[in-house]
Amino acid sequence: MNRGSIYATASAAAPLILLYEEVRAPDQLWIGTVVELRRKSAWIHMINANTRWYENVVNVRFKHLTRIDLHSDYDRALLYVAGPEPEAS
């Protein structure tokens, strides 16, 4: 199974995914929805620290990701506060 299919499965299974780059950025967490999958990366519509959706999508390279979490109480609460995903540009 390639990395792209792992992210496709994760994004189909949960409304939000939590992405970690534990080696490059051990204190950071990216939370969002997958907008588009590519062979080596994905375009993610992120939620910021203030529980607001970013206007633009962000490209995340698979080779830097070390962990994906989904279906946690944290991301369910975050989605509730942030509200439905708006149209990204």
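Analyst: Contact here means that heavy atoms lie within 4.5 Å of each other. Of the contacts in the protein with a separation of 6 or more, 52% are between residues 24 or more positions apart. The model is predicted, so local features need pLDDT of at least 70 and side-chain atom pairs count only at pLDDT 80 or more, whereas totals for chains, interfaces and linings use all residues. Residues are numbered from 1 along each chain as its sequence is written, and side-chain values use heavy atoms, with hydrogens and water left out.

The protein contains two helices and five strands, in the order α-β-β-β-β-β-α along the sequence. These elements are DSSP runs numbered from the N terminus, with helices (H or I) of at least four residues and strands (E) of at least two. Buried residues (under 20% relative accessible area; exposed is over 50% and partly exposed in between, with a 1.4 Å probe and protein chains only) make up 33% of the 89 residues.

The largest nonpolar core consists of nine residues: Ala10, Ile17, Leu19, Ala42, Ile44, Met46, Val60, Phe62 and Leu65. A nonpolar core is a set of buried Ala, Val, Leu, Ile, Met, Phe, Trp, Tyr and Cys residues joined through side-chain atoms within 4.5 Å. Two elements supply two or more residues each, strand S1 (17–20) and strand S3 (41–46), and S3 gives the most, with three. A separate core of eight residues also exists, with Leu18, Ile47, Trp53 and Ala82 among its members. In soluble globular proteins, nonpolar side chains tend to be buried together.

S3 is largely enclosed by the rest of the structure, because five of its six residues are buried. On one side S3 runs antiparallel to strand S2, to which five bridges join it; strands count as paired if DSSP finds at least two bridges between them. Within this pairing, Met46 of S3 is the bridge partner of Gly32. S2 and S3 form a hairpin, with three residues between them. S3 is also antiparallel to S4, through four bridges, and here Trp43 has Asn59 of S4 as its bridge partner.

S1 is covered on both faces: Ile17 and Leu19 are buried on one side, and Leu18 and Tyr20 are buried on the other. In a regular strand the side chains alternate between the two faces of the sheet. Ile17 and Leu19 belong to the nine-residue core, whereas Leu18 belongs to the separate one. S1 has antiparallel neighbours in S2, by three bridges, and in strand S5 (residues 67–69), again by three bridges. Leu18 takes part in both pairings, with Ile31 as its bridge partner in S2 and Asp69 as its bridge partner in S5.

Arg67 of S5 is partly exposed, with a relative accessible area of 36%. Apart from neighbours within four places in sequence, Arg67 is in contact with Leu18, Leu19, Tyr20 and Glu22. Its C-alpha atom is separated by 6.1 Å from that of Leu19, 48 residues away along the chain. Arg67 also lies over the face of Tyr20, at 3.9 Å from the ring centre; the criterion is that NZ of Lys or CZ of Arg is within 6 Å of the ring centre and within 35 degrees of the ring normal.

The buried residues of H2 are Asp75, Leu78 and Ala82. They lie on the same side of H2, because they cover an arc of only 60° around the axis, taken from the directions from the helix axis to the C-beta atoms. Asp73 and Tyr80, on the other side of H2, are exposed. S1 and strand S2 (30–37) are included in what covers the buried residues of this helix. Just after H2, Gly83 has a positive phi of about 85°.

The loop between S3 and strand S4 (58–61) holds Thr51, which is buried with a relative accessible area of 16%. Beyond its neighbours within four places in sequence, Thr51 is in contact with Leu78, Val81 and Ala82. Val81, in helix H2, is 30 residues from Thr51 in sequence and 6.5 Å from it in space, C-alpha to C-alpha.
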